[in-house]
Amino acid sequence: MGKKLYSDDELLNRLQKFAEELGRPPSQSEMDDSGPHASKTYGNRFGSWNNALEAAGLQTGTNDPDGRPSTPEEDLLTDLKSVADIVGGTPSEREYSAHGKYSVKTYCKRFGGWNAALRAADFEPNVEMNLSEERLITALQGFAEKLGRPPTTDEMDRSGPYTSDSYKRAFGTWNRALRQAELEVHSVWDVSEEDLISELNRLAEELGHVPRKDEMRNQGKWSAAVYQERFGSWNEALRAAGFEPNERWRIPREELLAELRAVANELGHPPTTTEMNEHGNFTIDPYQREFGTWRTALQAADPDYLENYRQSDTEIVPFGSNWPQIREEIITRDNESCLRCGMGREAHREKFGRDLPVHHRIPRRRFYNDPDQSVDDADVPSNLLTLCIPCHRRLERLPVQPVVD
């Protein structure tokens, strides 16, 4: 057997450091998501994940499936009722995910399913839990036709007619649902590691920095989940491509809140999760790790934010089906610079750590809510402008948008 890349002591030291950053022992999902190594690396070396925790002197059995300490059922039901007040009725899984403090997976584990959790909170079960297979397949085929290809589970969860969990409950797995809908099944194992690493390097060159998972999901050829499945974790994939992993897991709470307030001030209203991903220096991921949910983060930043946010339209609006390619074409059209202030692409990447935004003069939401149009109709060149982050924020507050020649 060849020499091990990392000694047992090195693995345990990194596990201890990661636990110190979190303030508690990590769950396997957290380790796979952003830890120094994949959880299976520890399982293979020490026999099991719990054995690895014990070898590192960490307590086992302290986390529920989503990585947080076990929550009293009373707190879970109270938050479920709070979300019902926000959405004006029995919340669906997707509505709870958007507004709730905990994960849907926690409710399913604790109560035996989402409908069981709804009953425990004195709500009528969600009828979408009992969708017919025919209705699910028809909806899946329609969504695939709109995209021009079979959707991934991420795409279905973000903007599909139903969540991927609805299909997994009805057909057992996502791939079985795709086959039942006579759609092509793409397996992660059909993609070579060389192709995955090549795409990771290509995106890094395009962005000018080591890609984040959300950037891979939105601008890459494959989602970060594919990399996690093949390499064990996102950080392991970065190492395989020759990059240093992102070690900044625990951003200070005050730094997160200061950025949230800055974005709210620029937009003129508390940002939605989509707006924070588009305009903020941080995505919503560190906020969810620190505060549990976006709603809790808003309240921590300013108690008035939550009420204003509840009154806003927080529906998630997807991008068009060919957005990455169209976005790149618009940036090229605009000479890779902000049309308002002239900041160039490389200067923007160096200053803000991300690529130039492409702005929709008429917001995607108007197309999304129009029964005679789709979000693809929002992506015509005359509706798009390349801007820097500060100019993007300013233009979104203007009642009259500039015209594109």
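The protein has 25 helices and 2 strands, where helices (H or I, at least four residues) and strands (E, at least two) are DSSP runs numbered from the N terminus. What you're looking at is a predicted model, in which local features need pLDDT of at least 70, side-chain atom pairs count only at pLDDT 80 or more, and totals for chains, interfaces and linings use all residues. Residues are numbered from 1 along each chain as its sequence is written, and side-chain values use heavy atoms, with hydrogens and water left out.

Let's start with the whole chain. Of its 405 residues, 47% count as buried, meaning under 20% relative accessible area, while exposed means over 50% and partly exposed lies in between (1.4 Å probe, protein chains only). The accessible surface is about 20500 Å², and carbon and sulfur atoms own 45% of that; the area comes from the Shrake-Rupley method with a 1.4 Å probe. Take the contacts (heavy atoms within 4.5 Å) with a separation of 6 or more: 60% of them join residues 24 or more positions apart.

Now for two helix pairs. Two packed helices are described by the angle between their axes and the distance between the axes. Here the axes are lines fitted to C-alpha atoms over the stretch in contact, and angles run from 0 to 180 degrees between N-to-C directions.

| Pair | Axis distance | Angle |
|---|---|---|
| α1 (residues 8-22) and α3 (residues 39-46) | within 11 Å | roughly 135° |
| α5 (residues 73-87) and α7 (residues 104-111) | 11 Å | about 130° |

The angle makes α1 oblique to α3; under 35 degrees would be roughly parallel, over 145 roughly antiparallel, 65 to 115 roughly perpendicular, and the rest is oblique. On the α1 side, D8, L11, L12, R14 and L15 make the contact, meeting T41, Y42, R45 and F46 of α3. Sorted by type, the residues of this contact are 5 nonpolar, 1 polar and 3 charged (Ala, Val, Leu, Ile, Met, Phe, Trp, Tyr, Cys and Pro are nonpolar, Asp, Glu, Lys and Arg charged, the others, Gly among them, polar).

α5 and α7 are oblique to each other too. E73, L76, L77, D79 and L80 of α5 touch T106, Y107, R110 and F111 of α7. That contact splits into 5 nonpolar, 1 polar and 3 charged residues.

Most residues other than glycine have a negative phi. N335, in the loop between α22 (323-333) and α23 (345-352), has a positive phi near 60°, and N335 is exposed at 63% relative accessible area. E336 sits in the loop between α22 and α23, with a positive phi near 50°; E336 counts as partly exposed, at 36%.
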